[in-house]
Amino acid sequence: MPLVRLDKIIADTGACSRSQARDRIRRGTVAVDGRPVTDPAARFDPGQVRVTVEGEDMAGPGHLYVMLHKPAGLLSATRDPRRPTVLDLMPEPWRRRGLFPVGRLDRDTRGLLLLTDDGAFAHRVLSPKSRVPKLYQAQVRGAPRQEDVEAFAAGLVLRDGTQCLPARLEPVSESLVRVEVFEGKYHQVKRMLAARNMPVTALTRLRIGGLWLDESLAPGEYRLLTPEELERVLPGFLSK
Ligand code: URA
């Protein structure tokens, strides 16, 4: 890849304008591969270096991978004529790069939602063939019994006759359960628990693959994923 000026590398991430990037570089807040660089005209291969501003990783010119702590009340969509969506929380430069949610959480569901501009990544996370586990915590009416745990493990049939893959039901306490699923059907967790007479009153997604929701993110807050975290979602993703 051709070498690109550092101020352009930073501006291309959408984090700030080119002149703001120059200013930050001259103030000594920018490091390339851990070493401070104060010359905005210094050139690097953007695909080969790690650029930080005030110690924070910049979204590089490659793809964006974002973790959001989704609050209740937002649609998992890129736009909606009437109701707010998770994209409304994202900075404008990221929206311009075509960020979209990886799958859907219901409007009233909270917790871990990934957003990206990388269609191949999203496809692999969502494809039933990948069997990426998703862990939810649900507040339910009623109490889980051993028969329910066994029915989840055997592969539930929903009330409309839909067959589900085997899943894991873990009672946490009276009327609080964790459910791990390996596919993503419409309203899946609510429908699974309803099929066992445990209507859901609140639902939170805690984990996708091996990546847990970062507890330091308040609802509505987001941050970029590290390469290690990407690997926790899809092992081997970066080496392919
Ligand atoms: N299952 C549901 O029922 N709702 C969600 O938002 C996610 C999984």
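The following legends describe close-up views of a predicted model.

Local features need pLDDT of at least 70 and side-chain atom pairs count only at pLDDT 80 or more, while totals for chains, interfaces and linings use all residues. Residues are numbered from 1 along each chain as its sequence is written, and side-chain values use heavy atoms, without hydrogens and water.

**View 1. The aromatic cluster of Tyr65, Phe121 and Phe237.** These three residues form one aromatic cluster; rings of Phe, Tyr and Trp (its six-membered ring) pair if their centres lie within 6.5 Å, and planes under 30 degrees apart count as stacked, over 60 as edge-to-face and the rest as tilted. Tyrosine 65 and phenylalanine 121 form an edge-to-face pair, 5.0 Å centre to centre with 75° between the planes. Tyrosine 65 lies in strand β7 (residues 65-70) and phenylalanine 121 in helix α4 (residues 119-126), so this pair ties together parts that are 56 residues apart in sequence; helices (H or I, at least four residues) and strands (E, at least two) are DSSP runs, numbered from the N terminus.

**View 2. The pair of phenylalanine 121 and phenylalanine 237.** The ring centres of phenylalanine 121 and phenylalanine 237 are 5.2 Å apart and their planes stand at 65°, so the pair is edge-to-face. Phenylalanine 121 is buried, with a relative accessible area of 1%, and phenylalanine 237 is buried at 13% (buried means under 20% relative accessible area, exposed over 50%, partly exposed in between, with a 1.4 Å probe and protein chains only).

**View 3. Arginine 207 over the face of tryptophan 212.** Arginine 207 lies at 5.1 Å from the ring centre of tryptophan 212; a charge sits over a ring if NZ of Lys or CZ of Arg is within 6 Å of the ring centre and within 35 degrees of the ring normal.
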